[in-house]
Amino acid sequence: MTKNTNKTIIAHRGASGYLPEHTLASKAMAYAMHPDFLEQDLVLSKDNVPIVIHDIHLETVTDVAQQFPKRSRTDGRFYVIDFTFEELMQLQVTERFDSETGEAVFKDRFPLWKSKFKLHSLQDEIELIQGLNKSTGNKIGIYPEIKDPEFHNNEGKDISSIVLKILSDYGYKTKEDKCILQCFDAKELKRIRLRLKSELFLVQLIEFKEDEQYLKDYALYADGIGPYFKQLIKNVDEDGNISFTNFVKDCHNLGLVVHAYTFRADQLEGIPSFKALMGLGFNKANIDGVFTDFPDQAVSFLKK
Ligand code: CA
């Protein structure tokens, strides 16, 4: 079951198209689909444990509002950082939902509030992946993201230093160690390389077209760029033919790989099929990797 290309598949929040995002069940399922990396978004608990969760808030994927109704801040939101690891372990996790209406964000995905899912730490997830690497003989990597370092800093916490120490303790120290560290905050990723002296493979995530002007600065410390895929599109003509900007080429000229997000089979936004979307990304835009909620479909595309 090996791919016949050097393109990279990253299981975005696990096999999140099939099971609630960032649960260990979703990670185990994703692992069995043979991606190159599994992704971990990281937010610190009150007692400094990196929790694998996408948002700094809890109420869109857990029952926190039922279990701890009095623990929201004045904005009405429940923050991971206000809860200890032990408290977070009590929460039930489910598919992402709209906390106002209670409706699922992706209506055809795993049903809300069924079965039993929990939050977990970065260490828990590394041990799952390293354990599976041992028992299966595969070498699947990790792809952690430092979430909102400025928010953490305002709360008096240095999330990057805490995460780097754990990664190092588990053997992830250099670009050879199958670990890619990502962050949207350019100042922080630069600090991770220059001040914290990390030798890991670093990917600068970007969200807006305007960010592209800083490409040369990114190249001073990062090894890759993670753009929003739609940002690479230059034009769609009357027949629906899509052309791409020179951004990927510019990245490659600077020695940067491009891992674009997010490829979803149930959110195609006008593109006829997931296969067509993969073809556009890998063949036409010439990106090097994809973050996808459907790692099985991305792996099977590359095997063709
Ligand atoms: Ca992420």
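1. Let's start with the cysteines. The sulfur of cysteine 179 has its closest cysteine sulfur in cysteine 183, and at 13 Å that is too far for a bond. A pair of cysteine sulfur atoms has to be within 2.5 Å to count as a disulfide. Cysteine 251 is in no disulfide either: the nearest cysteine sulfur, again that of cysteine 183, is 17 Å away. For the structure as a whole, the count of disulfides is 0. Keep in mind as you read that this is a predicted model.

2. Are these two cysteines buried or exposed? Cysteine 179 counts as buried, at 2% relative accessibility. Cysteine 251 is buried too, with a relative accessible area of 0%.

3. Next, have a look at the calcium ion. Which residues coordinate the calcium ion? They are Glu39 and Glu145, each through OE, and Asp41 through OD, at 2.2 to 2.3 Å. Along the chain, the spacing of these donors reads E-x1-D-x103-E. Aspartate 41 sits in strand β2, while glutamate 145 belongs to strand β4 (residues 141-146), so this pair ties together parts of the chain that are 104 residues apart in sequence.

4. Aspartate 41 is buried, at 1% relative accessibility. Glutamate 145 also counts as buried, and its relative accessible area is 5%.

5. Strand β10 deserves a point of its own. Of its 7 residues, 6 are buried, so you will find β10 mostly covered. Which strands does β10 pair with? One is β7 (residues 224-226), which runs parallel to β10 and is joined to it by 2 bridges. Here glycine 224 stands opposite valine 257 of β10. Another is β11 (residues 289-292), paired with β10 in the parallel sense over 3 bridges. In that pairing, alanine 260 has valine 290 of β11 as its bridge partner.

6. While you have β10 and β11 on screen, follow the chain through helix α10 (residues 274-284). Together, β10, α10 and β11 make a β-α-β unit, and the unit is right-handed.

7. Tyrosine 261 and threonine 262 are joined by a cis peptide bond, with omega at about -20°.

8. Asparagine 48 is a residue other than glycine with a positive phi, near 65°. You will find asparagine 48 in the loop between β2 (37-44) and β3 (50-52). Asparagine 48 has a relative accessible area of 35%, so it is partly exposed.

9. Tryptophan 113 is placed in the loop between α3 (85-88) and α4 (122-136). With a relative accessible area of 36%, tryptophan 113 is partly exposed.

Key. Residues numbered from 1 in each chain as written. Predicted model: local features only at pLDDT ≥ 70, side-chain atom pairs only at ≥ 80, totals over all residues. Heavy atoms only, no water. Helix = DSSP H or I, 4+ residues; strand = E, 2+ residues; numbered from the N terminus. Buried < 20%, exposed > 50% of the residue type's maximum accessible area, 1.4 Å probe, protein only. Pairing = 2+ DSSP bridges. Right-handed = clockwise from strand over helix to strand, strands pointing away. Donors = N, O, S within 2.8 Å, 3.2 Å for Na, K, Ca; no water.
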